[in-house]
Amino acid sequence: MKRPSTYGLMAEFEDPEKLVAAAHQARDAGYRRMDAYTPFPVEGLSSALGFRHTRVPMIVLIGGIVGCIGGFFMQYYIAVIDYPLNIGGRPLNSWPAFVVVTFEMTILAAALSAVLGMLALNGLPMPHHPVFNVPRFALASKDRFFLVIESTDPKFDLQGTRDFLKSLGCREVMDVES
Amino acid sequence: MHERLRGTVNSSEQSPVIEPGYTFASVTDQISAIVLRRGTPLGWIVGFTVSFTVVMVLLFAIAYLFTVGVGIWGINIPVAWGFAIINFVWWIGIGHAGTLISAILLLLNQKWRTSINRFAEAMTLFAVACAAMFPLLHLGRPWYFYWLFPYPNTMGIQPQFRSPLVWDVFAVSTYFTVSLLFWFVGLIPDLATLRDRAPRRAGQIIYGILAMGWRGSARHWQRYEVAYLLLAGLATPLVVSVHTVVSFDFAISILPGWHTTIFPPYFVAGAIYSGFAMVLVLAIPLRKFYGLEGFITMRHIVNMAKVMLATGLIVAYGYMMEVFMAWYSGDTFEWAMTKNRMFGPYGPWYWALIVCNILTPQMLWIKKIRERVAAVFVISIVVLTGMWLERYVIVITSLHRDFLPSSWGMYSATVWDWATFIGTIGLFLALLFLFIRFLPMISIAEVRALLTETEGKES
Amino acid sequence: MSQIFHRSTNTLSKLSIFGALFVLASLAWLIAGLNRSSYITQVWVAREQPVQFSHKHHAGDDGIDCRYCHTSVEDSSFAGIPPTKTCMNCHSQIFADSAYLEPVRESWRTGKPLQWTRVHNLPDFVYFNHSIHVNKGVGCATCHGRVDRMPLTWQTASLQMEWCLECHRHPERYLRRRDQIFNMAWEPPPNQIEEGWRLAGEYKILDPAHLTSCDTCHR
Amino acid sequence: MSINHNRLDLASLRARLGSSRGKEYWRSLEELADTQEFQEFLHREFPKQICEWNDPVGRRRFLKLMGASLALAGLNACSRAPAEAIFPYVRQPEELALGKPLFFATAMELSGVGAGVLVESHEGRPTKIEGNPDHPASLGATDLFAQASVLTLYDPDRAPAVTNIGDIRSWSAFLGAIRSLLQAQRALKGAGVRILTGAVTSPTLGSQLAELLKQMPSARWIQYEPASGDGARAGALLAFGTPVNTIYHFDKADVVLSLDSDFLTCGPASLHYTRDFIARRRLEEGKTEMNRLYVVESTPSNTGSKADHRLPLRPREIGSLARALARHLGVPALSAAEGSVAPEKWIAAVARDLQQHRGSSIVIAGDYQTPEVHALAHAMNHALSNVGKTVTYTDPVEAEPADPVESLRRLVKDMEAGQVDLLVIIGANPVYSAPADLNFAASMSKVGLRVHLSLYYDETSELCHWHIPQAHFLESWSDVRAYDGTISIVQPLIAPLYHGKTAHELLAAFTDQPERTSYEIVRDYWKTQKAGGWGAGQTAVAGTQSKPDSPEFDKFWRKALHDGFVPNTASPQRSVSLRTDWTSESVKRSSGPLPSGELEIVFRPDPTVYDGRFANNGWLQELPKPLTKLTWDNAALVSPATAQRLGLSHEIAWRGGEHGQVLADVVELQFQGRKVLAPVWIAPGHADDCITVHLGYGRKRAGRVGTGAGFSANTIRTSDSLWFGSGLSVTKTGGRYPLACAQYHHNIEGRNLLPSNTLNGYKKDPKFAQQEFPDPLKTPSLYPGFQYKDYAWGMAIDLNSCVGCNACVIACQSENNIPIVGKEQVMRGREMHWLRIDQYHKGEIDNPEVYYQPVLCQHCEHAPCEIVCPVQATTHSAEGLNTMVYNRCVGTRYCSNNCPYKVRRFNFLQFADWETASLKLLTNPEVSVRSRGVMEKCTYCVQRISHAKINAERENRPVRDGEVLTACQAVCPAQAIVFGNINDPDSRVAKLKKEPRNYGLLAELNTRPRTTYLAAVRNPNPELEKT
């Protein structure tokens, strides 16, 4: 399918409160395919945009469990199955001694899955993105707050949406060509 | 367009966590400017050159070590562990403060951590890097270091997981990896900021690649914050475990003075103790040099001084319990070791460490001293020295006179021991200089967030 | 601001992450493979020798018993490598003037030993004893392969520790009757495992705990 | 260890002689592998300095090592073994099976007297010396000198070729050079010929010399032994009017009084004496009887440390004590001489004790004591009617007993007078060892032609025209007598490495058959003996031409070589009677008492380098000397009180320190106008007001190991006071000298490491040593524990038997390829001995009780070292051995830290010598040579265990008790060390571990040591027990 010429419309706000308010109104107006861009996490913004809970914690939990079991079994296999050796008269399965490495493996696996999971869910890395086409978007990492309604939204219509955004008290509205 | 002055008068009587008069813009500009706009300051060049020269000393010491063998050090039988292990424990300990500030204080929702956590974490990484060198260097046959990792090999033999040294390998490498992730994840938004501000193409591309296309999307922020919080939650038990494991290197053995149950808690406390000392030693000159008093306020200094005082007291308790248990256990060897530690040939070392670690920090009870930046700086250095001495005393005095008087022996470091130790300090500083030159030493995004929150408090 | 990166970099960057992991994994796999390859172990690599000595001819075609040359194999750690005299026993008559054998005759004349290239070479820290193996039912061919089919001799076993361990952990898989030790053509019977256990008992073969103790091979 | 006694054919023996064919015989796989290198080493003119580790590495070596280590670092992951060459024999000797060691019997001579040994030979390389169980002077044990002799054999510093004023010449050139001179001398009846040897007991050599003197009646033969005293000979002369050889039978003695005699570790009979003496001290199977030993001595000795009552006295005071004691024992016609300095109570009690054991007591005088003391000892033994029971007499074993100093004086006089045209020095090194007042070197320069035969190109060789490299006894054909006269044929194990010649061959050069090999000489001599029956060997004349071998001679010859001695050649007992008039003479000679405070000096041969002949032997240099525990140096030993009086001391240094470097005050010893600088060592138990210095150090030309170590006591030693003399003055220089001490701390710090008791105490409470751990292997534990089914190896060491002679330490070093590290490293506490002898002092510092405790790996069942090793380099075998896998070790050294016994040793640097070709021949092929960065330790001689197990399994039988002898156990003259399978209740070790005295060192740590100790018990005289 051919990509539409515009990715969407971008409204620039000067402080987070305005943005959150705008997000609420946009959602009430029935817009769904939209996203907000802020220089730091803004409280209530995600709920305003109607995002639900993330799956990161579940990934981390699974990662942790895998690391834990894998860590212990590795030691058990090496000490008991692979090459059982009498070490200082200690039992082959000296599980108390194996706790430490098991724990470390748990943490390691969990931490890795947290970061990789986050990146994966965010679709990062993604150095190229339409929003970067907007010159003023550079301020998104400084002190400006942006709301973007994407052209793929069913209710999207270039003129109507632009007017709607203007009505939200933004500094200006810009086209985001894809 | 209106520019409302933002700032904070914190509810508490203390000085604010960030001086009034900062806006999102000014915060961003001032911090990123250190990296982007300003040319390299002369001080930086001098500092880096000096530390880099010391790194060269380290490299030479290592080359000589690999060529001739660990015999160039002062170690012998009975004292088969010397500087290498002492420095290892010392550096690892220093590392702990970074993780503690960024992870534990985050969980405890301590706002004042915000402007110091970034370079505290960096410090952690570099300290752990220095520490991790020593276990490798101190091997008799360092080129076989990889035998400590489990991997399928033609010998059909694997590491021995009852050994604390293997625990170390896992603990330290995990610790390093997790700290690195934690640090990098924290950096991503700021890297984006730098990407967007970098004047030159090269900068844009480098920071751009590192930023991985971060664009501050609300969705991303949501997952980001969860992941960051979880990382903190994972790092917290980790940081406690690491020095516990390090203490096992000694506690698991049967040597008098090593074989004690109090080691884990008091090693962890000691680690945080020395770590905060190091943060102060770095923060105080930095804020002066880069004019960051606005971000690293007296509030930070004072709080860290208090943490030092508290952990210092825990350590002091550890010392007392050691001596008490040695006497109370009625164990000939323990008691003999303790007496020898205090009044034997290494007595002066022991008393020096008592002065550095227990007596000196008590001055921090006094508000005036706590608020004198110079005083805190000096005390921190004293504490760092003390903690190094503590490790020296623990390692040497327990080994040099253990069970059989026939094999008692003395230990003294050689020039190569010192070269390696000082060399790692050089490495640590060199890395730190590079960090403050090319990465934002204060988390811009978090400070922005801090501004809104403090504003929220005020209204 | 304008785009810094081209659209394609999105895919590239994602690929590069997996790519890195993939490269690392395959590298590890490569090294593991290399360590077991015949480049390292020299397995299947026929060694050039000063004399084109053919076990195939002597042991195979002529059916000379191993012990005719490797005299001490049954009562010493070292199987023994024949002195020039042993060669001359026959070759003073047979092929007495073949050009191939000039080095042998020269050695016999001058008293300078022949310089063979070692085929099976264990590290100095490994102490292997031939006599105990051949006396406990381990046949020559079990480790040395079908020497009677080798024109020039080569290794058939890697001689790596994992290879030694395999047999020390499961001797029953390899044991044979004592009268078959020097029989190159011996094939394990279908019931080798039961047979192996029986022989292990008969020969009082120590249990794997003993056989895999470090001091069994390392001193 | 199976000793290969099977037939030994003469052809191969002849083949082993120096001929070109011979070399091939002993040529071994390893050696051949680096033949080029070996040859080049043989002809190297200036051997490069040993022990690079000792000084900072040179640049080139630095780069070389750098390259090597980096290569290692890079390649070890996937490295292919380098192609290796393999060299078969051309003609393989029949009795040799590749990979199996052979054992040959021969004998080692020290100061002329011999002891039988068995030599282990791998593919023709002698690698290890064992005792010869059938030989009376060995009984299966050896002393440390015999153990270390293999190192001397391969010493790269040995003289490589015949030289004339430093230029390499051929043997025939030498023969040519002396021929004309000999012609002239024959005409003069050899008036200008002097032959200087050490003590000679070799019948063949004796007869050769006799023959020579017959041909040149006015030639003279001088014997000088710097390390053996003349007291015994002169004393016998004084007491009986004829020189006799006294033999003591300690196995029959209940009470022994030693007058300055270290009979347990010194002298040719010490091994036999130790065995007998200790046999009477064994408390096994409920025995509660022990002999009692009184020792009077000035310098603390091993014998003194075993004494039940020890009395430190100045040497001359010992004489007066002997007189006083003799009076008590009713020795006739002793004028009431000066009062003794010894407490009357002590003398009375000892006298009473001796009286109560008439016929079962021994009074023995030290070799270095005066003739009078010896005479007194003889008289006392007569008075106690010990003669014929515990003391017997035979003819002297020397071919020609003579007064060494007197003859040496005469030689010097002749040389001074220019009457000597040809001086032949055989073996000795008089320029270094002759008493200073004789100015030997100076007078020697007046001799026309000087010829020196010796192992090394030493101080004497420098001043001689010709130097002939001497063949080591392992390279020689010869014969020698033991302390009791038993004759052994000395046979070579290897062709001379350095084209060395024997004394026989050199003497043959002065006859009309100069080219005879020592093999022919010795054989021919014995053929004549065979003809002339056995009797006193020295009287017979060597056959000049070789007779055809008679079959019965061949039989005799083979048996003699095989057994290691010629049957029934022990000298027969002879009865002698005391002269009636000797006492008056004695009193006449006896000097008055010393004014207290006047310093006496005592000269003693060094316990490890002896008279200096072993100075270049690294094993002996690095061996901690008994009682002082010093290595690489000698020192002026002084008692604590005297040290205090003179303000002398030493202190531990920071670097190394304590067990390592000690900084000692340097003093200037001035004796009879001669001076020497010496570091001071405070020796608890040393007699006050006298100072002991050991000979054998301060060598100027010993070799890369021995040159420059210590100070030379010979520089102040004079011919009239060879062993002690008064009038010493000591001045403190204020300087400090670093000494390398292996154990500085002898105070046991009240720790229960070495429980001991008196005999009565033992009778009351036999289990006094065990405390709460009757069986160290059954200490309470949470762990289920492993089952050790068939074999469980263990060791028991009887501390009551150990005399601390150090033989085990060297045996271990020799068996296990243990490197030496040099003084520098010892001072840093890095010596490598797997087995060390700890020594603790109890009681007052002026005269403490000394206890020895050999400490080796205890092979703990709960080994603390194993659980801390990260790479499974040290693990437990299924037979309970604590195995150490060098090639797996990465060198964390954690195991050593966690070893409470500190028996693990670490290769801090590249200690093993991988470069000196000749030393490669020395290595025991059954034991890995360790590289830098690797931990090592005692393995219970696992190679010997494997060997025995493989032999047993091949025969489908269990290993028999006593089939495995560890190296330390095999050499122990006291049989203090017992090793075996503790699962076998009938094994000796299992029985010992049931003894009530059996205890585990540090058993309370729950390490469950497999090595246990049997507590020491003393048997003090109730009358003298301190209250």
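Which side chain meets that of Arg352(D) in a salt bridge? The partner is Glu1023(D), with 2.3 Å from N to O; a salt bridge here is a side-chain nitrogen of Lys or Arg within 4 Å of a carboxyl oxygen of Asp or Glu. This pair links distant parts of the chain, 671 residues apart: Arg352(D) belongs to helix H13 (residues 344–356) of chain D, and Glu1023(D) to the segment after strand E40 (1016–1018) of chain D. Helices (H or I, at least four residues) and strands (E, at least two) are DSSP runs, numbered from the N terminus.

The model is predicted: local features need pLDDT of at least 70 and side-chain atom pairs count only at pLDDT 80 or more, while totals for chains, interfaces and linings use all residues. Residues are numbered from 1 along each chain, chains are lettered from A in the order in which they are written, and side-chain values use heavy atoms, without hydrogens and water.

Arg352(D) is partly exposed at 38% relative accessibility, and Glu1023(D) is partly exposed at 36%. Buried means under 20% relative accessible area, exposed over 50%, and partly exposed in between (1.4 Å probe, protein chains only).

In chain B, Arg118(B) and Asp190(B) form a salt bridge at 3.2 Å, N to O. Because Arg118(B) lies in helix H4 (residues 114–137) and Asp190(B) in helix H5 (residues 164–197), the pair ties together parts that are 72 residues apart in sequence. Arg118(B) is buried, at 2% relative accessible area, and Asp190(B) is buried at 0%.

Over all chains, the count comes to 74 salt bridges.
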